[in-house]
Amino acid sequence: MKLVLASSNAGKLFELRELLGDAFELHAQSEFGVEDAEETGLSFIENAILKARHASSATGLPALGDDSGLCVDALDGAPGLYSARYSGVHGNAEANIDKLLGNLLGVADDARTARFVCVLAFVRHATDPQPLVAEGIWEGRVLHARRGSNGFGYDPVFFSPAHGCSAAELPTATKNRDSHRGIALAKLRTLLQA
Ligand SMILES: O=P(O)(O)OP(=O)(O)OP(=O)(O)OC[C@H]1O[C@@H](n2cnc3c(O)ncnc32)[C@H](O)[C@@H]1O
Ligand SMILES: [Mg+2]
């Protein structure tokens with residue numbers, strides 16, 4: 001199946017291509033000159049659907065939207081929906097991490113609980129009244145300093161107790177198997193087969 005990924009994030013594209021394998025031909029929206037959708041929703045679900053509809057409308061192809069982020073308990077769920085632009089500059093992972101660590105200065109390990117959330121939305125066409133929607137959650141906590149260099153975004157400061165290391169210290173295949181995105185995609189595949 002040929003489909004368009006409604007995202008400009010290279011990290012997402014890389015992970016989703018690995019996850020989807022050969023049965024899907026996943027094209028970045030940039031290949032068709034599609035600009036980013038306005039993320040005006042108040043939830044990951046709303047934004048994932050907005051993104052997918054926008055890309056499908058512009059390309060005429062089925063589309064996959066990914067809206068994701070890091071929700072930190074000590075910060076009332078921030079950066080959450082605004083994870084990509086937490087520092088004020090969209091997509092600046094270094095500045096986003098610096099701001100996050102600054103806001104958690106002095107917060108003890110057991111109060112640094114957090115989770116990665118990913119919602120994937122699939123639309124068959126731009127006005128599809130029945131988008132397929134799947135959510136994945138990955139529990140962990142925010143480290144005091146960066147560890148590792150794999151992955152993207154907040155991976156260097158996200159500690160996964162299940163793995164005993166940061167997300168950026170995991171090989172791609174392990175992150176993809178156990179991450180919020182990997183879990184959401186496994187659920188979406190089940191919905192696609194139903
Ligand atoms: O909207 P698109 O174009 O898809 O790209 P984006 O980077 O703006 O994506 P989001 O709006 O969904 O914001 C998600 C942000 O959450 C963070 N994030 C999401 N998944 C992550 C992961 O697997 N590892 C690390 N950080 C992640 C990262 O900072 C992303 O930029
Ligand atoms: Mg975005």
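Q: Two strands pair if DSSP finds at least two bridges between them. Which residue in strand 6 stands opposite Val 142?
A: This is a predicted model, in which local features need pLDDT of at least 70, side-chain atom pairs count only at pLDDT 80 or more, and totals for chains, interfaces and linings use all residues. Residues are numbered from 1 along each chain as its sequence is written, while chains are lettered from A and ligands numbered from 1 in the order in which they are written. Helices (H or I, at least four residues) and strands (E, at least two) are DSSP runs, numbered from the N terminus. Strand 5 and strand 6 (residues 158-160) run antiparallel and are joined by 2 bridges; in strand 6, the residue opposite Val 142 is Phe 158.

Q: In what order do the 7 strands of the open sheet lie?
A: Strands of a sheet pair through backbone hydrogen bonds, either parallel or antiparallel. Here the pairing is mixed, and the order of the strands is 2-1-3-4-5-6-7.

Q: Which are the edge strands?
A: An edge strand pairs on one side only.

Q: What angle does the direction of helix 2 make with that of strand 3?
A: Helix 2 (residues 44-59) packs on the sheet and touches strand 1 (2-5), strand 3, strand 4 and strand 5 (132-142). Axes are lines fitted to C-alpha atoms, for helices over the stretch in contact, and angles run from 0 to 180 degrees between N-to-C directions. With strand 3, the angle is about 155 degrees.

Q: Which residue in strand 4 is the bridge partner of Cys 71?
A: Strand 3 and strand 4 (residues 113-123) run antiparallel, with 10 bridges joining them. The partner of Cys 71 in strand 4 is Arg 115.

Q: Is Asp 67 buried or exposed?
A: UniProt, in an unreviewed entry, places the feature "active site" at Asp 67; its positions are given in the numbering used here, feature names are shortened, and annotations may be inferred rather than shown by experiment. Asp 67 is in strand 3 (residues 63-72). A residue is buried if 20 or more other C-beta atoms, placed from the backbone, lie within 10 Å of its own, exposed if 12 or fewer, and partly exposed in between. Asp 67 has 27 such atoms within 10 Å, so it is buried.

Q: Which residues is Asp 67 in contact with, leaving aside its neighbours within four places in sequence?
A: Two residues are in contact if their C-beta atoms, placed from the backbone, lie within 7 Å. For Asp 67 these are Phe 44, Asn 47, Ala 48, Lys 51 and Val 119.

Q: How many charged residues does the shell around ligand 1 have?
A: A residue is near a molecule or strand if its C-beta atom, placed from the backbone, lies within 6 Å of it; 24 residues surround ligand 1, the closest being Ser 7, Asn 9, Ser 83, Ala 84 and Gly 153. Ala, Val, Leu, Ile, Met, Phe, Trp, Tyr, Cys and Pro count as nonpolar, Asp, Glu, Lys and Arg as charged, and the others, Gly among them, as polar. The shell has 6 nonpolar and 11 polar residues, and its charged residues number 7.

Q: Is Asp 76 buried or exposed?
A: Asp 76 is in the loop between strand 3 and helix 3, and has a positive phi of about 55 degrees although it is not a glycine. Because it has 8 C-beta neighbours inside 10 Å, Asp 76 counts as exposed.
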